[in-house]
Amino acid sequence: MEKFNTKEEITQFLMNRYDLGRTSILNRMRYLELKVQQEEGQFVLDSDQLRELDQLTEWIQGVQKLAEFPKRGQLVKQDA
């Protein structure tokens, strides 16, 4: 779990982690429908959220499209 004082710190952390711009980070968070929680006055990204962002980043780097990434709870179609 990562804790931050502001949402801007979260964005900066993710921009550095993935070497991406603000728009790309915000688009990925929006696509995954990630909600930043607040605990004891700090903003929190939990390990599951970071794992999802890691998986999506790997998916896109593998020349896949963001829209094809299976979201949490979606069934993945298998080619027969």
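Biologist: Is phenylalanine 13 buried, partly exposed or exposed?

Modeller: This is a predicted model. Phenylalanine 13 has 23% relative accessibility, so it counts as partly exposed. Buried would require under 20%. Phenylalanine 4, at a relative accessible area of 6%, is buried.

Biologist: How is a pair of aromatic rings described?

Modeller: By the distance of the centres and the angle of the planes. Here the count comes to one aromatic pair. Phenylalanine 4 and phenylalanine 13 form it, with 5.2 Å centre to centre and 55 degrees between the planes. That makes the pair tilted.

Biologist: What pattern does the chain follow along the sequence?

Modeller: The order is β-α-α-β-β-α. That comes to three helices and three strands.

Biologist: Where do nonpolar side chains tend to be in soluble globular proteins?

Modeller: They tend to be buried together. In this model, the largest nonpolar core has 16 residues. Ile10, Leu14, Ile25, Met29, Leu32, Leu45 and Leu53 touch the most other members. At least two core residues come from each of α1 (7-18), α2 (22-31), β3 (42-45) and α3 (47-61). α1 gives the largest share, four residues.

Biologist: Which residues does leucine 14 contact, leaving aside neighbours within four places in sequence?

Modeller: Leucine 14 is in contact with Asp19, Ile25, Met29, Leu45, Leu50 and Leu53.

Biologist: What about the whole chain?

Modeller: Of its 80 residues, 28% are buried. The accessible surface comes to about 5,900 Å², and carbon and sulfur atoms hold 46% of that. Take the contacts between residues at least 6 apart in sequence: 57% join residues at least 24 apart.

Notes
Residues numbered from 1 in each chain as written. Predicted model: local features only at pLDDT ≥ 70, side-chain atom pairs only at ≥ 80, totals over all residues. Heavy atoms only, no water. Core = buried A, V, L, I, M, F, W, Y, C linked by side-chain atoms within 4.5 Å. Buried < 20%, exposed > 50% of the residue type's maximum accessible area, 1.4 Å probe, protein only. Contact = heavy atoms within 4.5 Å. Phe/Tyr/Trp six-rings, centres within 6.5 Å; stacked < 30°, edge-to-face > 60°. Areas by Shrake-Rupley, 256 points an atom, 1.4 Å probe, with all protein chains shown as cover.
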